[in-house]
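Hello,

Here is the structure I promised to pass on to you. Please open it first, and then read my notes below.

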Amino acid sequence: MTQDSQHGKWTISSSDDDDEALPPSGTTSSYRPPASNPGLHRSASPPSPKLEPPVEVKPEPANTPVSSLIVGSEARQSAARNQLNPVKYETSQSLAGKRKKEVSDGSGWALSESDDDDDGHANGKSVSNSPKKAPPYPKTKKAKVENERPPSPHGRLYYIDEPDDFFESSVPRLNDMYRFYLNKVTGLDRKYNSGALHIRDILSPLFGTLKESVQFNYCFDIAWMVNQYPAEFRDRPVLLVHGDKREAKARLLQQAQPFPHVRFCQAKLDIAFGTHHTKMMLLWYKEGFRVIIMTSNLIRADWYQKTQGLWMSPLYPRLPKGSSATAGESPTFFKRDLLEYLASYRAPELEEWIQRIKEHDLSETRVYLVGSTPGRYVGSDMERWGHLRMRKLLYDHTDPVPSEERWPVIGQFSSIGSMGLDKSKWLAGEFQRTMTTLGKSSLRSDPPMHLLYPSVEDVRNSLEGYPAGGSLPYSIQTAQKQLWLHSYFHRWKANTTGRSHAMPHIKTYMRASPDFTQLAWFLVTSANLSKAAWGALEKNNTQVMVRSYELGVLYVPSAFNMKTFPVHKNPFPASSSSSGFPVPFDLPPTCYSPKDQPWIWNIPYSQAPDTHGNIWVPS
């Protein structure tokens with residue numbers, strides 16, 4: 001089976017892609033870039049520029065077979081190299097010179113009307129996107145600026161337009177009803193950052209006097225992370241919960257050498273190709289305790305020009321001494337579920353935190369916890385984790401709605417795993433059954449399913465340009481086996497939040513009314529569209545297997561004494577009085593046009609420049 005596209009001819013393997021049947025590491029993609037492109041070769045990659053501070057960068061996983069995992073092992077690193085040493089787009093000498101001038105003087109985006117382009121890795125080998133620059137354009141040498149920021153992996157233009165109030169000096173105006181926030185994005189109109197949160201805001205002393213913290217995450221830049229803590233808290237103990245092994249673990253430990261207050265907890269990953277993908281902060285203050293569940297890695301590039309989301313808990317006060325074991329529970333059983341999630345790590349380093357949580361009052365929580373933790377589960381344990389946990393919550397805590405077969409499911413994510421040769425293998429089978437559960441309705445509806453994933457044009461026109469695609473690691477090896485999936489795809493458009501050009505690293509799922517004015521529920525999570533993240537049924541549906549750690553929070557209207565959530569049409573500037581839910585992107589979603597292609601990060605895009613005048617050329 002073949003399909004012609006802008007990306008060449010894709011050859012579709014006839015073999016099944018069950019996660020248990022993984023191809024050998026030497027398997028090569030059936031995609032062959034055109035030999036005439038001088039930027040493409042299979043020789044060893046040139047050394048990459050050193051980033052300051054050193055960053056452990058990895059792609060966001062998408063519950064992947066080995067082909068995607070090997071290919072994606074350094075996607076972000078490649079993206080960073082591409083911005084440090086980009087390939088300039090050229091059509092003629094005069095145009096190339098003009099474009100370089102436009103970019104070098106910081107005058108903004110230099111766009112072209114022509115079409116797309118991409119980068120990558122191949123089968124176990126790192127493929128650098130560190131292409132060649134066009135011949136140098138004469139210009140005067142820039143005088144050294146004292147006390148300027150360290151180099152950004154996203155180039156000198158990365159911090160331009162950062163407003164004076166980007167780092168808040170006072171408590172931002174927050175929506176205390178839902179406690180769901182987007183991150184701040186550089187270069188936006190000020191109103192679109194009103195009520196959004198940067199990591200420095202989250203760790204600010206205005207939210208509490210920090211004594212100790214835990215950071216659960218997938219990617220860390222420890223020097224950068226430490227610097228985000230206010231000076232007065234910068235030496236307070238921090239525990240990092242990670243999933244790195246062997247060389248990656250050694251690099252992480254090396255990063256922490258200058259910081260004796262940083263300790264580690266290694267998450268057990270006993271099932272192949274699983275990852276520790278949960279992104280959570282536990283913050284212990286003199287005044288109490290707080291939980292942050294988010295979608296951002298702890299690296300600089302995730303906090304400035306991408307769309308991210310987070311849930312911030314209320315400040316949980318300490319319970320009176322002698323309180324019962326069940327004290328401080330919320331109507332959503334958040335305390336019980338958080339303790340169960342932490343216990344699943346089986347980690348001595350987390351025991352003192354489990355005890356601290358028991359001593360605090362979490363009764364004000366109005367969201368449900370939806371976690372994944374690696375394992376094979378049978379019987380009632382099948383409903384503890386992954387999408388079956390989600391199904392159980394929707395069954396117990398939502399209500400049927402009239403004409404529910406017309407209420408679409410919307411899924412939005414930044415990475416995609418292998419789901420089988422047709423939709424019935426997983427997506428339109430067990431996963432759709434979960435996402436279409438509404439209360440105890442016996443109706444097994446088949447509503448529309450809209451999947452939001454950036455197109456090549458979305459990435460090309462983004463604030464970061466093509467390197468934003470390093471955080472969208474959908475590989476050609478996976479894509480060519482599931483062309484059926486692409487008919488579900490919708491563009492990333494977020495004009496209501498000002499973030500159409502800030503590529504999504506956030507992951508959200510929801511059920512919307514036919515006119516897209518109401519929500520039956522909303523989920524923000526670390527889980528991408530993949531079986532590793534959400535789990536997959538095995539053994540004639542008597543067992544579920546989950547590979548990765550994930551964490552998110554589910555909003556259901558009943559917990560807020562509502563029938564449905566009204567969609568907030570203009571969530572910025574933020575207002576604490578609105579009852580509308582701040583959906584991060586535009587509704588209704590926009591279908592891909594016939595010319596749109598999903599972003600695939602490990603193939604070249606050289607037909608048109610991005611917003612920085614660069615192209616995307618793997619080598």
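Which residues lie nearest the centre of the largest cavity? They are Phe 180, Pro 571, Phe 572, Ala 574 and Pro 582, among the 13 residues that line the largest cavity. Before I say more about that, a word on where the values come from. This is a predicted model, in which local features need pLDDT of at least 70 and side-chain atom pairs count only at pLDDT 80 or more, while totals for chains, interfaces and linings use all residues. Residues are numbered from 1 along each chain as its sequence is written, and side-chain values use heavy atoms, with hydrogens and water left out.

Back to the cavities. A cavity here is a set of points, on a 1 Å grid over the protein atoms alone, where a 1.4 Å probe fits but cannot get out, and lining residues have an atom within 4 Å of a point. The structure holds seven cavities of 30 Å³ or more, and the volume of the largest is about 170 Å³ (volume being the space filled by probe spheres set on the points, with grid points joined across faces, edges and corners). Its lining has seven nonpolar residues, six polar ones and no charged ones. In this scheme Ala, Val, Leu, Ile, Met, Phe, Trp, Tyr, Cys and Pro are nonpolar, Asp, Glu, Lys and Arg are charged, and the others, Gly among them, are polar.

Now the chain as a whole. The protein chain has 13 helices and 24 strands (DSSP runs numbered from the N terminus: H or I of at least four residues for helices, E of at least two for strands). Of its 619 residues, 62% count as buried, where buried means under 20% relative accessible area with a 1.4 Å probe and protein chains only. Among contacts (heavy atoms within 4.5 Å) with a separation of 6 or more, 79% are between residues 24 or more positions apart.

Next, the annotated positions. The unreviewed UniProt entry gives "active site" at His 277 and His 505. These two span 229 residues in sequence, yet no two of their C-alpha atoms are more than 12.7 Å apart, so they gather at one spot.

His 277 lies in the loop between β7 and β8, and Lys 279 is in the loop between β7 (262-266) and β8 (280-285). His 277 is buried at 0% relative accessibility, and Lys 279 is buried with a relative accessible area of 0%. The side chain of Lys 279 reaches the backbone oxygen of His 277 at 3.0 Å, and a polar atom of the His 277 side chain lies 3.0 Å from the backbone oxygen of Ser 526.

His 505 sits in the loop between β17 (503-504) and β18, while Lys 507 is in strand β18 (residues 507-512). His 505 counts as buried at 0% relative accessibility, and Lys 507 is buried with a relative accessible area of 0%. The Lys 507 side chain makes a polar contact with the side chain of Ser 414 at 3.1 Å (a pair of N or O atoms within 3.5 Å, one able to donate a hydrogen and the other to accept it within protein, with residues adjacent in sequence counted only if both atoms are side-chain atoms).

Best wishes

Note on methods:
Buried < 20%, exposed > 50% of the residue type's maximum accessible area, 1.4 Å probe, protein only. 1 Å grid on protein atoms, 1.4 Å probe; cavity = no way out; pocket = protein on both sides within 12 Å on 5 of 7 lines; lining within 4 Å. UniProt positions renumbered as here; feature names shortened; annotations may be inferred.
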